[in-house]
Amino acid sequence: MVKKIGVLTSGGDAPGMNAAVRSVVRSAIALGLEVYGIHDGYLGMYEGRIERLYRKSVSEKMGHGGTFLGTARLPEFADQEVREKAIENLRIYGIDAVVTIGGDGTYRGALALSKMGIRTIAIPGTIDNDIAGTKFTIGFDTALNTAVEAVDKLRDTSSSHRRCSIVEVMGRNCGDLAIWTAIAVGAECVICKETGFNLEEIIENVTKSAKSKNHAIIIAAEHMVDINELAREVSERTPFEARTTVLGYIQRGGCPSAKDRVLASEMGVKAVQTLVETDETGVCVCDEGEIIATLPIEKAINGDDTAPVLEKYKVFKMLW
Ligand code: ADP
């Protein structure tokens, strides 16, 4: 019977992580548990930076971006001895289960802890939407809206100058951010892991656009292509002069959208209920559309999530 739980945020931060922590804390207290915040993810677990959290500790945190618990990367957490030391710290506080909020690296850490006897449940907190088994991850909706707002602004200026804007968005392992942005802004081209990069098709689309529009927009996921080199090709081979913009970390910041706040709240409650009402461990919470469910972490890590991205790509191509 679980009595004391820890909660941490780890890896890349995402808007809505605070709402998820708040939800874990409030629902755990409502169900009679003690909750401990572990600072800076697995690093704080290793260093013993752990503090008791109360209802008040999470007041007015819902709408704040980032994570008030802090986040960090600790590659050494893959080593058994490092995890043993971290588990010793959990034992000092009597913590028998941990809720981890983060991306697939954080999931791997949670799975490793579970195999060593600490009950874990993971919540998907990443703007990349790159976790299989869940329709959405916490932070994706906010990052998408940030990207769309930025591209809308770029379109105003590129229309005035008859330019092509090449915009790099995040999402190296999953093209959702790129494709959803491309559809939402009516881009000419999208480049991501699932669609690949076809220079000739891009030149053709942009050239066609120049006949009827004052601007063109290309959305590229990070690490897919050298966007400066692409801008040179577009400027040389189409009527548009191309300019590049890397949205970068701006996509990670800002107040979480209402949708991310609600998703984070639902997932936090589900994580705590799962710890109290079942003996599941090494599982993650996932948004199955109608319901929030749980799934073994192994399935989420090894699952293939390309089909929904390709479905969206079909829509993109149909509308262009
Ligand atoms: P994200 O969770 O956003 O994918 P990372 O990939 O950086 O971010 O992972 C976050 C942290 O999870 C890492 O710094 C490390 O502490 C832990 N982690 C990642 N992979 C493993 C692993 N194979 N075993 C144990 N811990 C891991």
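Predicted model: local features only at pLDDT ≥ 70, side-chain atom pairs only at ≥ 80, totals over all residues.

Q: OK. What order do the strands take in the open sheet of seven strands?
A: The order is β3-β2-β1-β4-β5-β10-β11, and the pairing is mixed.

Q: Which strands stand at the edges?
A: Those are β3 (50-53) and β11 (292-296). Each has a single partner strand, so one side of each has no neighbour in the sheet.

Q: And the twist, what does it average from one strand to the next?
A: It averages 30°.

Q: How many bridges join β1 to β2?
A: Four bridges, with β1 (residues 4-9) and β2 (residues 34-38) running parallel. If you want a spot to look at, Ile5 stands opposite Val35 in β2.

Q: What does helix α1 touch on the sheet?
A: Helix α1 (residues 17-30) packs on it and touches β1, β2, β3, β4 (97-102) and β5 (119-124). The direction of α1 makes about 175° with that of β1.

Q: Which strands does helix α9 lie across?
A: Helix α9 (residues 258-277) lies across β1, β4, β5, β10 (283-287) and β11. It runs at about 165° to β5.

Q: So how do α1 and α9 pack, at what angle?
A: The angle is about 40°, and their axes are 7 Å apart. An angle of about 40° makes α1 oblique to α9. Their crossing is right-handed.

Q: Which residues make that contact?
A: From α1 you have Ala19, Ala20, Ser23, Val24, Ser27 and Ala28. From α9 there are Arg261, Ala264, Ser265, Gly268, Val269 and Val272. By class, the contact of α1 with α9 has seven nonpolar, four polar and one charged residues.

Q: New topic, strand β6. How many of its residues are buried?
A: Seven of its seven, so to speak a mostly covered strand; β6 covers residues 163-169.

Q: Which ones point which way?
A: Arg163, Ser165, Val167 and Val169 point one way, while Cys164, Ile166 and Glu168 point the other way, and all are buried.

Q: Which sense does β6 pair in with β9 and with β8?
A: With β9 (residues 241-246) the pairing is parallel, over six bridges. With β8 (residues 216-221) β6 also pairs in the parallel sense, over six bridges. Arg163 stands opposite Glu241 in β9, and Glu168 stands opposite Ala220 in β8.

Q: Last one: where is Ala112, and why does it count as buried?
A: Ala112 is found in helix α4 (residues 104-115). Its relative accessibility is 17%, and buried means under 20%, so Ala112 counts as buried.

Q: And what separates the C-alpha atoms of Ala112 and Met170?
A: 27 Å, with the two residues 58 residues apart along the chain.

Definitions and conventions: Residues numbered from 1 in each chain as written. Heavy atoms only, no water. Pairing = 2+ DSSP bridges. Helix = DSSP H or I, 4+ residues; strand = E, 2+ residues; numbered from the N terminus. Axes fitted to C-alpha atoms, helices over the stretch in contact; angles between N-to-C directions. Contact = heavy atoms within 4.5 Å. Buried < 20%, exposed > 50% of the residue type's maximum accessible area, 1.4 Å probe, protein only. Parallel < 35°, antiparallel > 145°, perpendicular 65-115°, else oblique. Left-handed = near helix turned anticlockwise from the far one by under 90°. Nonpolar A, V, L, I, M, F, W, Y, C, P; charged D, E, K, R; others polar.
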